[in-house]
Amino acid sequence: MMEELVRLENCFRPELADAGCDEAGRGCYAGPVFAAAVILPAGFYHPLLNDSKQVKAADREILRDYIEKQALAFSVAMVDVEEIDTINILKASQKAMHLALDNLSVTPQFVSVDGNYFIPYKALPHQCIIKGDGKYAHIAAASILAKTYRDQYMRNLHESYPHYNWFSNKGYGTLEHRLAIDSHGITIHHRKSFKITSPQLEIFEQEGNP
């Protein structure tokens, strides 16, 4: 069965240098949070582009290469576990977005953000868009970059910590990952502020898989 192709609007404010922003890994038990910012040219299109959660892993890699070649500007940034535990995951996600915006080679005039919350960046006007990664190409592109960069990071970490199978679960709280934490404890890459050690596991089991 052929998948239905999605045609996204290019950006929210096409008359401006509108940077789309999204993050990846906010709800994970382990690893940094990543964010990306992308400014696309007018007429940008790829038939596979969509919210990264709706795109197959192999297709995300195709899109990553295409976005990096075609974008007017793009940047990916991360905030590590230590800082997540210090300032909390919401602030860390916002900081990662700001860092990505800082590193754009084109100065943005407007920021479009996936979700319903954003800390203003350098007094630039912005718009929060719920499920924006499924509506606007520049936010979808940011979601693809943030996701693929973070997945690559977690696959690399897996080599040193194979018990947790981060190659597959990327640090999310799957049953497999939670049971590995119960058996092997937590690592320096686990988010201590998320309270994911054994006493919590019984609660998670009662509630079912996330």
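This is a predicted model: local features need pLDDT of at least 70, side-chain atom pairs count only at pLDDT 80 or more; totals for chains, interfaces and linings use all residues.
Visitor: Let's start with the aromatics. How many aromatic pairs does a search of the whole structure find?

Guide: The search turns up six aromatic pairs. One of them is Tyr161 with Trp166, with 5.5 Å centre to centre and 40 degrees between the planes.

Visitor: Why is the pair of Tyr161 and Trp166 called tilted?

Guide: Stacked needs planes under 30 degrees apart and edge-to-face needs over 60. Tyr161 and Trp166 have 40 degrees between their planes, so the label is tilted.

Visitor: And what makes the pair of Tyr164 and Trp166 stacked?

Guide: The planes of Tyr164 and Trp166 are 20 degrees apart, and under 30 counts as stacked. The ring centres of Tyr164 and Trp166 are 5.3 Å apart, and the limit for a pair is within 6.5 Å.

Visitor: Is Trp166 buried or exposed? And how do you know?

Guide: Buried, because its relative accessible area is 0% and the cut-off is under 20%. Tyr164 is buried as well. Tyr161 has 23%, so it falls in the band between 20% and 50% and counts as partly exposed.

Visitor: What sits over the ring of Phe110?

Guide: The charged end of Arg13, 5.2 Å from the ring centre; the distance cut-off is within 6 Å. Phe110 also belongs to an aromatic cluster with Phe12 and Tyr136. Elsewhere, the charged end of Arg64 sits over the ring of Tyr149, 3.9 Å from its centre.

Visitor: Which residues have a positive phi although they are not glycine?

Guide: Ala123 is one of them, with a phi of about 65 degrees, and Lys170 is another, at about 60 degrees. Ala123 lies in the loop between strand S4 (110-114) and strand S5 (126-129), while Lys170 lies in the loop between helix H5 (166-169) and helix H6 (175-184).

Visitor: What makes Ala123 exposed and Lys170 buried?

Guide: Exposed means over 50%, and Ala123 has 75%. Lys170 has 12%, and under 20% means buried.

Visitor: Where does Tyr45 lie?

Guide: In the loop between strand S2 (33-39) and helix H1 (57-70). Tyr45 and Ala137 are 92 residues apart in sequence, yet 7.8 Å apart in space, C-alpha to C-alpha. Tyr45 counts as partly exposed, at 30% relative accessibility.

Visitor: Last stop, the largest pocket. What is its volume?

Guide: About 420 Å³. It is lined by 22 residues, and the closest to its centre are Asp22, Glu23, Ala24, Lys53 and Asp114.

Visitor: Which element gives the most to that lining?

Guide: H3, with four residues. Strand S1 (18-24) and helix H4 (137-158) each supply at least two. By class, the lining has five nonpolar, eight polar and nine charged residues.

Methods
Residues are numbered from 1 along each chain as its sequence is written. Side-chain values use heavy atoms; hydrogens and water are left out. On a 1 Å grid over the protein atoms alone, a cavity is a set of points where a 1.4 Å probe fits but cannot get out, and a pocket is an open set with protein on both sides within 12 Å along at least five of seven lines; lining residues have an atom within 4 Å of a point. Grid points are joined across faces, edges and corners, and a volume is the space filled by probe spheres set on the points. Ala, Val, Leu, Ile, Met, Phe, Trp, Tyr, Cys and Pro count as nonpolar, Asp, Glu, Lys and Arg as charged, and the others, Gly among them, as polar. Buried means under 20% relative accessible area, exposed over 50%, partly exposed in between (1.4 Å probe, protein chains only). A charge sits over a ring if NZ of Lys or CZ of Arg is within 6 Å of the ring centre and within 35 degrees of the ring normal.
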